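This note is written for a colleague who is meeting the structure for the first time. Please read the numbered points with the sequence and the model at hand.

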Amino acid sequence: MEPVLGWRIWNLRGGRLESWAVDYCWETGENRATCLAPHRRACRESPGLHCQCGFWAVWTPGQCLARACAAAEPPWHVMGLVVGWGTVALHGREGFRAERAALRCLFTDRPWSASSMPRTPSRLAGWWRRTVGRPPAIEPAERTLARDAGHLDELEAVAMHYAVPLASLRGAADLGLLSELGVPQAQIDEAARLATEAAPEG
Ligand SMILES: [Zn+2]
């Protein structure tokens, strides 16, 4: 079977990418799945037929984002592209589970994050403080920006560790990185659309 491309999200912890559902830290280059299913006998080969093991990815960036949730951060969530090969279990329109997988690209976008929402103008925050006598519950923009800058440094370090490009969805779509990686045009359009929707205002 031809290698398949998929989108997924990791936890970024200690400069490494960790799977969500199982205790697994991704390696640089090739990753080989073993069955980590709890409370049952491990599959002889992964991905097992009636199991959830193997390296998961979904077909589209939209499906991928639907799984992310800002409330669970930190650990930070990072979105990226993977290639899967070897034995691949296809899950219809959702995605696949692969025996072998490697990271292809990481993205800086966090469209699920509150910090990519329009920020509270400071004049309004000042008015709120005077009127209510305490600062607004919404995080001040400066602190959000500082936190995001620190996050970007961490992302650059992790992309370097895994030796993959780090790009924004918009940049990867516009500069041809996604098509170079073999992403179908429909998904490139979807990625560009998601990036536009998530762009901070002002
Ligand atoms: Zn299994």
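The points below go from the overall fold to the metal site, the cores, the aromatic pairs and some local features.

1. Overall fold. The model is predicted, and the comments that follow should be read on that basis. The protein has six helices and seven strands. Along the sequence these elements follow the order β-β-β-β-α-β-β-α-α-β-α-α-α. Of the 202 residues in the protein, 45% are buried. Among contacts with a separation of 6 or more, 69% are between residues 24 or more positions apart.

2. The zinc site. Which residues hold the zinc ion? Its protein donors are the SG atoms of Cys-35, Cys-43, Cys-51 and Cys-53, at 2.2 to 2.3 Å from the ion. The angles subtended by the four donor atoms run from 103 to 115°, and the arrangement is therefore tetrahedral. For that assignment all angles must lie between 85 and 135 degrees. The spacing of the donor residues in sequence is C-x7-C-x7-C-x1-C.

3. Other cysteine matters. How many disulfides are there? The count comes to zero. Cys-25 has a relative accessibility of 34% and so counts as partly exposed.

4. The largest nonpolar core. This core has 26 residues, and the members that touch the most others are Trp-7, Met-79, Leu-81, Phe-107, Leu-169, Leu-178 and Val-183. At least two residues each come from strand 1 (4-13), helix 1 (61-66), strand 5 (76-91), strand 6 (95-107), helix 4 (169-174), helix 5 (177-180) and helix 6 (185-198). Helix 6 makes the greatest contribution, with five residues. Leu-178 illustrates the packing: leaving out residues up to four places away in sequence, Leu-178 touches Trp-7, Leu-81, Phe-107, Ala-172, Ala-173, Val-183, Ile-188 and Ala-191.

5. The second core. A separate core of 23 residues is also present, with Trp-10, Tyr-24, Leu-103 and Val-164 among its members. Leu-103 is found in strand 6 and, with a relative accessible area of 8%, is buried. Apart from neighbours within four places in sequence, Leu-103 contacts Trp-10, Leu-17, Trp-26, Leu-81, Val-82, Tyr-162 and Val-164. The C-alpha atoms of Leu-103 and Trp-7 are 9.9 Å apart, although 96 residues separate the two in sequence.

6. Aromatic pairs. Six aromatic pairs occur in the structure. In one of them, Trp-7 and Phe-107, the ring centres are 5.5 Å apart and the planes meet at 20°, so the pair is stacked; planes under 30 degrees apart count as such. Trp-7 belongs to strand 1 and Phe-107 to strand 6, so the pair ties together parts 100 residues apart in sequence. Trp-7 is buried at a relative accessible area of 1%, and Phe-107 is buried at 1%. Elsewhere, ring pairs link Trp-10, Tyr-24, Trp-26 and Phe-55 into a cluster.

7. A buried loop residue. Trp-112 is placed in the loop between strand 6 and helix 2 (122-132). Is Trp-112 buried or exposed? With a relative accessible area of 12%, Trp-112 is buried. Its C-alpha atom is 6.4 Å from that of Ala-68, a residue 44 positions away along the chain.

8. Backbone points to inspect. Most residues other than glycine have a negative phi, and most peptide bonds are trans. Ala-163 sits in the loop between helix 3 (141-161) and strand 7 (166-167), and is exposed, with a relative accessible area of 67%.

Definitions and conventions. Residues are numbered from 1 along each chain as its sequence is written. This is a predicted model: local features need pLDDT of at least 70, side-chain atom pairs count only at pLDDT 80 or more; totals for chains, interfaces and linings use all residues. Side-chain values use heavy atoms; hydrogens and water are left out. Donors are N, O and S atoms within 2.8 Å of the metal (3.2 Å for Na, K and Ca); water is not among the atoms, so sites may look incomplete. Four donors count as tetrahedral if all angles lie between 85 and 135 degrees; four count as square planar and six as octahedral if opposite donors are over 155 degrees apart and all others between 65 and 115; anything else is irregular. A nonpolar core is a set of buried Ala, Val, Leu, Ile, Met, Phe, Trp, Tyr and Cys residues joined through side-chain atoms within 4.5 Å. Buried means under 20% relative accessible area, exposed over 50%, partly exposed in between (1.4 Å probe, protein chains only). Helices (H or I, at least four residues) and strands (E, at least two) are DSSP runs, numbered from the N terminus. Contact means heavy atoms within 4.5 Å. Rings of Phe, Tyr and Trp (its six-membered ring) pair if their centres lie within 6.5 Å; planes under 30 degrees apart count as stacked, over 60 as edge-to-face and the rest as tilted. A disulfide is a pair of cysteine sulfur atoms within 2.5 Å.
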